[in-house]
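Here's a quick walk through one protein model, a few pieces at a time. Have a look at the sequence and the structure, then read on.

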Amino acid sequence: MCASYGLDPRFTDTELLDAADEAVLDGLRTWAERNAGETLRPTGKNLRNLNPLIVQPESSPVLEPAWWGFLVGGEPAKFPSINTRSERLQDKPGGAKARAIVPATSWFEMQKPSRQWHEFLVDDGALFGMAAVTQRGKAADGTWFTCYSIVMRPAPEHLAGVHDRMPVLIPTSFADEWLTADTGREVVDDALLAAADLDARVRVKPRGDDKRTDRLF
């Protein structure tokens with residue numbers, strides 16, 4: 001399960017959008033700097049830490065603040081909703097009707113039973129995108145949000161010893177299709193095939209926790 005990730009404003013290379021809009025990249029850097037190096041976590045019911053999300057409502061990708069996890073009946077969902085299994089979307093592709101990309105420079109997992117935290121990166125901290133499914137949700141005060149859930153898949157062999165699952169990473173070559181393709185199992189299957197192209201570039205290293213460090217995230 002991915003329950004925390006990082007967005008370092010010092011990113012240079014990007015594995016995000018094929019023709020990344022400078023407004024999107026500038027918005028990400030501004031948000032990350034304003035976030036003061038804090039780890040990104042699921043949105044709290046009272047302290048609403050909205051996270052940057054890339055969506056494409058019209059002709060080009062845009063950045064918007066979003067609620068990590070689903071809202072149901074004005075409250076955070078009673079079922080686990082911050083992550084969605086890729087297998088579930090393959091069986092019920094209607095769950096991927098609305099899709100987005102979560103920008104990140106790392107994600108964190110705890111290895112069990114050692115309880116050792118690890119950081120996962122693409123190359124040496126490149127900006128990359130994680131697949132997400134979205135839905136609209138209304139909070140108790142009547143405010144509507146775009147809510148998102150990160151899509152998770154089985155980890156490849158060289159990472160499975162640390163954690164058996166990982167986010168579905170969306171390479172630049174597949175970003176437009178993930179954001180705009182018609183709903184169906186095909187887009188989920190194609191996303192998994194595209195994600196495998198990044199497997200060899202994923203590195204993992206141990207760390208003390210998933211909180212702020214001298215690396216910022």
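## Strand 11 and its partners

Let's start with strand 2 (residues 14-15), which runs parallel to strand 11 and is joined to it by 2 bridges. Within that pair, E15 has F128 of strand 11 as its bridge partner. A word on terms: helices (H or I, at least four residues) and strands (E, at least two) are DSSP runs, numbered from the N terminus, and two strands pair if DSSP finds at least two bridges between them. This is a predicted model, where local features need pLDDT of at least 70 and side-chain atom pairs count only at pLDDT 80 or more, while totals for chains, interfaces and linings use all residues. Residues are numbered from 1 along each chain as its sequence is written, and side-chain values use heavy atoms, with hydrogens and water left out.

Strand 11 has antiparallel partners too. Strand 8 (residues 99-104) is joined to strand 11 by 6 bridges, with A100 partnered by A132. Strand 14 (residues 169-170) pairs with strand 11 over 2 bridges, and here M130 has L169 as its bridge partner. Then there's strand 12 (residues 144-154), paired with strand 11 over 7 bridges; K138 stands opposite W144 there. The hairpin of strands 11 and 12 has 5 residues between the strands, and G142 takes a positive phi near 90 degrees in it.

So how enclosed is strand 11 (residues 127-138)? Of its 12 residues, 9 are buried, so the rest of the structure largely encloses strand 11. "Buried" here means under 20% relative accessible area, "exposed" means over 50%, and "partly exposed" is in between (1.4 Å probe, protein chains only).

## Helix 5, side by side

Which residues of helix 5 are buried? They are V187, V188, A191, L192, A194 and A195. These cover an arc of only 165 degrees around the axis, which puts them on the same side of helix 5; the arc is that of the directions from the helix axis to the C-beta atoms. On the other side of helix 5, E186 and L193 are exposed.

What does the buried set pack against? The list is helix 2 (86-91), strand 8, strand 12, strand 14 and helix 4 (172-180). Contact means heavy atoms within 4.5 Å.

Elsewhere, an open sheet of 4 strands has the order 1-9-10-15, with antiparallel pairing. Its edge strands are strand 1 (5-6) and strand 15 (202-207), each of which pairs on one side only. Strand 15 is joined to strand 10 (residues 116-122) by 6 bridges, and W117 has R207 as its bridge partner.

D210 sits in the segment after strand 15. Its relative accessibility is 5%, so D210 counts as buried. The side chains of D210 and S4 make a polar contact of 2.8 Å (a pair of N or O atoms within 3.5 Å; within protein, one must be able to donate a hydrogen and the other to accept it, and residues adjacent in sequence count only if both atoms are side-chain atoms). Leaving aside neighbours within four places in sequence, D210 is in contact with S4, T39, R41, F108 and W117.

## F70 in its loop

F70 lies in the loop between strand 4 (62-68) and strand 5 (71-72). Is F70 buried or exposed? At 10% relative accessibility, F70 counts as buried. F70 and Y148 are 78 residues apart along the chain, with their C-alpha atoms separated by 6.5 Å. Not counting residues up to four places away in sequence, F70 touches several residues, including V133, T134, Q135, C147, Y148 and S149.
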